[in-house]
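This briefing covers helix packing, the sheet and a few backbone details. Please view the sequence and the structure first.

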Amino acid sequence: MTQYRLGEVEAAFAALIWDNEPVASNRLVELCAQRLDWKKSTTYTVLRRLCQKGIFQNEGGVVTSLIGREEFAARQSEEFVDQAFDGSLPKFLAAFASRKKLSAAEIEQLQRLIDESRG
């Protein structure tokens, strides 16, 4: 199973790609120099790592995502629930709700999701 976790630096880099894609790799180097204070070699090293993870691709000098930001976040969430709560969404929600009071709007939104999942 692919692990959908990024460190803080990788996450900032991924956000830069998602915010600018499709982005020419030379432009990505410029953006990383400006915003992350990276050298060209650092940009390509991290890009290669995230391409190997199947998150991005660099085809013909153009970097695009293979997994969108929302899909990536969903996969991270699933992985977290699987590992921390034995895959039980109810256990996760119970733990979350025990620490933070849900608003009426949040409860309504969750109820809509449940109703939609029933088909």
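Which residues of helix 2 (residues 25-35) are buried? They are Ser25, Leu28, Val29, Leu31 and Cys32. The model is predicted: local features need pLDDT of at least 70, side-chain atom pairs count only at pLDDT 80 or more, and totals for chains, interfaces and linings use all residues. Residues are numbered from 1 along each chain as its sequence is written, and side-chain values use heavy atoms, with hydrogens and water left out.

- Helices (H or I, at least four residues) and strands (E, at least two) are DSSP runs, numbered from the N terminus.
- Buried means under 20% relative accessible area, exposed means over 50%, and partly exposed is in between (1.4 Å probe, protein chains only).
- Seen down the axis of helix 2, the buried residues fall within an arc of 165°, so they line one face of the helix. The arc is taken over the directions from the helix axis to the C-beta atoms.
- Asn26 and Gln34 are exposed on the other side of helix 2.
- The cover over the buried residues of helix 2 includes helix 1, strand 1 (23-24), helix 3, strand 2 (56-59) and strand 3 (62-65).
- Ser25 belongs to helix 2. Ser25 has a relative accessible area of 12%, so it is buried.
- Contact means heavy atoms within 4.5 Å. Leaving aside neighbours within four places in sequence, Ser25 touches Tyr44, Asn58, Gly61 and Val63.

**Helix 1 against helix 3**

- Two packed helices are described by the angle between their axes and the distance between the axes.
- Helix 1 (residues 8-20) packs with helix 3 (residues 40-52) at about 85°, and the axes are 11 Å apart.
- Axes are lines fitted to C-alpha atoms, for helices over the stretch in contact; angles run from 0 to 180 degrees between N-to-C directions.
- Helix 1 and helix 3 are therefore roughly perpendicular. Angles of 65 to 115 degrees count as such, under 35 as roughly parallel, over 145 as roughly antiparallel and the rest as oblique.
- Helix 1 supplies Glu10, Phe13 and Ile17 to the contact, and helix 3 supplies Thr43, Val46, Leu47, Arg49 and Leu50.
- By class, this contact has five nonpolar, one polar and two charged residues. Ala, Val, Leu, Ile, Met, Phe, Trp, Tyr, Cys and Pro count as nonpolar, Asp, Glu, Lys and Arg as charged, and the others, Gly among them, as polar.

- Three strands form an open sheet in the order 1-3-2, with antiparallel pairing. Two strands pair if DSSP finds at least two bridges between them.
- Strand 1 and strand 2 are the edge strands, each pairing on one side only.
- Helix 3 packs on the sheet and touches strand 2 and strand 3. The direction of helix 3 makes about 115° with that of strand 2.
- Strand 2 and strand 3 pair over four bridges. Gln57 has Thr64 as its bridge partner, and Phe56 has Ser65.
- The hairpin of strand 2 and strand 3 has two residues between the strands, and Gly60 takes a positive phi near 60° there.

**Backbone details in the loops**

- Glu21 and Pro22 are joined by a cis peptide bond, with omega about -10°. Pro22 sits in the loop between helix 1 and strand 1.
- Asp37 is not a glycine, yet has a positive phi of about 60°. Asp37 lies in the loop between helix 2 and helix 3. Asp37 is exposed, with a relative accessible area of 69%.
- Asp86, also not a glycine, has a positive phi of about 50°. Asp86 is in the loop between helix 4 (69-84) and helix 5 (89-99). Asp86 is exposed at 66% relative accessible area.
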